[in-house]
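The exercises below are to be worked with the sequence and the coordinates side by side. Each task is followed by a solution that goes step by step.

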Amino acid sequence: MNTKAYFMIKKEAITGGDDHPETIRELEAMPEVESVEPVSGEYDLVVVADVDAPTRIALVAKEIQAKDWVKDLHVLKLEPAAPNPFLDEVSSIPGGESVHWCVQCGMCSASCPNVHKMDYSPRKIIALVRAGRRYDALTSNTMWVCASCYLCTVRCPKDVKITELMHTLECLSVRHGLRKGGTTPALYRAFVDSIKGNGRVHELGMMMKFFLKTNPLAALKIISVGLQLLSHGRMSIKPTRIKGAEQIKTIVERAHALGGTK
Amino acid sequence: MKYYTYFPGCSSSEGTAVAYGISTLSICSALGIELIELEDWNCCGSTPYGSTDELESVCIAARDLALAEKTGLDLVTPCSACYTTLNTANSRLRQYPDLKSKVDDCLAAAGLEYKGGVRVRHLFEVIYNDIGLEDIESKVVNPLSGLRMAPYYGCQLVRPDPGFDNPSNPQSLDRLIVSLGAELVPFPLKDRCCGGSLIIPALDLALDLIHKLLDSATSGGAQCIITVCPLCQTNLDAYQGLVNRKFKTKYNLPVLFFTQLIGLALGIEPKVLALDKNIVSAEKILAPFTKVTESAS
C-alpha cells in the first residue's frame, strides 16, 4: 500500500514576486511528487508525495530539503494513498472517464488545427493527466486553444472524448484557480457572466467587458469589424433580459451549492 | 405543414447572425414548416459555459430542454453550437444518472422538470430529411444555374455525433446546392474549423484558419461560400477584410447562409432574406438571378 505524505515548505526569499513556477516544476519533476500547491501563510507550498514504502518518506524529504531555495520543511501528515488522485478527479467527471482508453497513438494531435499553438499536444496532455501531473496540465494553455472542432474525437480509434476532456480540464483549472492560457478564459468568463445576468448573451456587452478586462488596445485591431457589424445591423446595442433570468439565478445557485458534478 | 419548436440562439435572434434568423423565418412557410419560438428560452451555454462549470452548464441547457419538453415538439435550431451543446446535455443526462439527479434537483429549485424526452435537431437536417431535396427542387422558381459554390459545413453540424452525415466527408449540403441548380466546386476543407469563438481571444490563430478556408474555396473557383452556422458566417464574412490585410490577399467572397440560398432559389427577394446584412456583398454575383425574379414579379 502506498503512503501519501504532505510536506509544508517555506521558501528562501527570492526576488521577483512570489509566483515561482520553476520551483513548482522542479518539485513536480520528482517522480514521487504528485502535486504542488502554492499556499499563503507561514509556509509557501504544500507538496503531496506518493511513496511505495513509508521509509522512503525521509529520503524524499531530504531531497526536497537539499534544494537551495528551500528554507524549511515540515511533514504535515501521512496517510494511505490513492494511486492517482488527479486521474481519479478527471475520470470522475462525465466525459472524463474516457482518458483511460487512450493508447497514445497521436491521431488527435495530428488532427488538431491548433496544435502548433499548444503547450502540450492533445496526446501529451492525456499522458500528463495519466501521470498525475496536475499542475502542469491545469496551468497549460492546451485546452484553452482548443476550438471544439471535434475532429480528434471522431477520428480517435479508441473513442476517447478528447474535446470533452479539454472542457473537463478547463473546468478543473477554473475550479482550482489555475487557469492561464492567454485571454480565452477571460472571454469565457464574460460570456458566462452575460448568461448569468440576462439569460442570453449580449455580444457587444460581452466583448466590451472582455477587452476592458484584458487589453483595451487589442480592441483596436478589430474595431473595423465591429463598426461594419454595427452599420450592417448585426450588433444589438441593448441586452435582452429574459423573464426567467431569476430562474437562471436560482438554478446556478443550487448547482453551486451541490458543489459540481462529482 | 410540419410543426417544430424553434430555438434561434443568441446570435441568430438579434446578434451578429440576425440575417440567419430572418432568412430562416422567411423560407419556412414556403417549405411547409411552422416554427414556434420556444417561449423565454435562454442561451444554451455553448462551449464557454461547458468550459467553466460542468454541472451549471448542463443545468442551463436543461432549462431550455425542460421548457421545450412541454411543447411536445422537436426542438429545432439553426445554430450548430446550440445544436451540439443541447445535444451533449441531452446525452449526458441519459448517460449519467448521478448527474441527472443533481440537474433534476437544480431545475426543481426553479420549479422545472425535465424527463429527458426532447429531440434536438439542426434546421439544416430538418430541411434535408423532413422536407427532402425532391420537394425543395419542385419549388425552385429561380434556379441558380452556373453559380459556383463551396459548401461549408464547419464542425458542429456533423460532429461529434455521427449519424446524420459523414463526420469528415459530409455530402448533404453538396446535394442541396445541386438541387437548387447551382454548381459545386471542390472544397477539401469543407468540414474544417473557422476558429469559432477563438476569433476574439486568439485573433491571429483564427485568421490563419479563415485564410486557409478562403484559399481552399477560391482555388476551387468558388464565387461564394454556403454556411450552416452563425459563427462560421461571421468569421468568414466579417473578418475577411482582416485576412486580406494580414495575408495581403484580395478575397471578395460572399458568405451566404443556406437559408438565404434556398430563399433565392424559391424566388424570395434578397432584402427579405436580409442579404443586405452580408458584409462582403453578394449583389454582384446574384445580379443575373435577382433580375429574373424582379421581371417575373
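In this predicted model, buried residues account for 41% of the 262 residues of chain A.

**Exercise 1. Describe the overall build of chain A, using its extent, secondary structure and contacts.**

Solution. 
Step 1. The C-alpha trace of chain A spans about 70 × 45 × 40 Å along its principal axes.
Step 2. Assigning secondary structure to chain A gives 13 helices and 4 strands.
Step 3. Take the contacts in chain A between residues at least 6 apart in sequence: 65% of them join residues at least 24 apart.

**Exercise 2. Determine how strand S3 (residues 45-51) of chain A is paired and whether it is enclosed or open.**

Solution. 
Step 1. On one side, strand S1 (residues 3-11) of chain A pairs with S3(A) in the antiparallel sense, over 7 bridges. Within this pairing, Met8(A) has Val46(A) as its bridge partner in S3(A).
Step 2. Strand S2 (residues 33-38) of chain A also pairs with S3(A) in the antiparallel sense, over 5 bridges. Here Ser35(A) stands opposite Val48(A).
Step 3. S2(A) and S3(A) form a hairpin with 6 residues between the strands, and Gly41(A) takes a positive phi near 125° there.
Step 4. Burial is then counted with the cut-off of 20 or more other C-beta atoms within 10 Å. Because 6 of the 7 residues of S3(A) are buried, the strand is largely enclosed by the rest of the structure.

**Exercise 3. Characterise the side of chain A that touches chain B by its elements and its residue classes.**

Solution. 
Step 1. The contact takes 57 residues from chain A and 57 residues from chain B.
Step 2. On the side of chain A, the elements that give two or more residues are helix H8 (151-155), helix H9 (162-175), helix H10 (184-198), helix H11 (203-213), helix H12 (223-231) and H13 of chain A.
Step 3. H13(A) provides the largest share of this side, with 8 residues.
Step 4. By class, the side of chain A divides into 29 nonpolar, 20 polar and 8 charged residues.

**Exercise 4. Locate the buried and exposed faces of helix H6 (residues 97-109) of chain B, and identify elements that cover its buried residues.**

Solution. 
Step 1. H6(B) has 13 residues and reaches 18 Å from its first C-alpha to its last, close to the 18 Å expected at 1.5 Å a residue.
Step 2. Its buried residues are Leu99(B), Lys102(B), Val103(B), Cys106(B) and Leu107(B). Viewed down the axis of H6(B), they fall within an arc of 135° and therefore line one face of the helix.
Step 3. The face of H6(B) turned away from the buried side carries the exposed residues Pro97(B), Asp98(B) and Ser101(B).
Step 4. The cover over the buried residues of H6(B) includes helix H13 (245-258) of chain A, together with helix H4 (54-69) and H5 of chain B.
Step 5. Just after H6(B), Gly111(B) takes a positive phi of about 75°.

How values were computed
Residues are numbered from 1 along each chain as its sequence is written. Chains are lettered from A and ligands numbered from 1 in the order in which they are written. This is a predicted model: local features need pLDDT of at least 70, side-chain atom pairs count only at pLDDT 80 or more; totals for chains, interfaces and linings use all residues. A residue is buried if 20 or more other C-beta atoms lie within 10 Å of its own, exposed if 12 or fewer, and partly exposed in between; C-beta atoms are placed from the backbone. Two residues are in contact if their C-beta atoms, placed from the backbone, lie within 7 Å. The expected span of a helix is 1.5 Å times one less than its number of residues. The arc is that of the directions from the helix axis to the C-beta atoms. Two strands pair if DSSP finds at least two bridges between them. Ala, Val, Leu, Ile, Met, Phe, Trp, Tyr, Cys and Pro count as nonpolar, Asp, Glu, Lys and Arg as charged, and the others, Gly among them, as polar.
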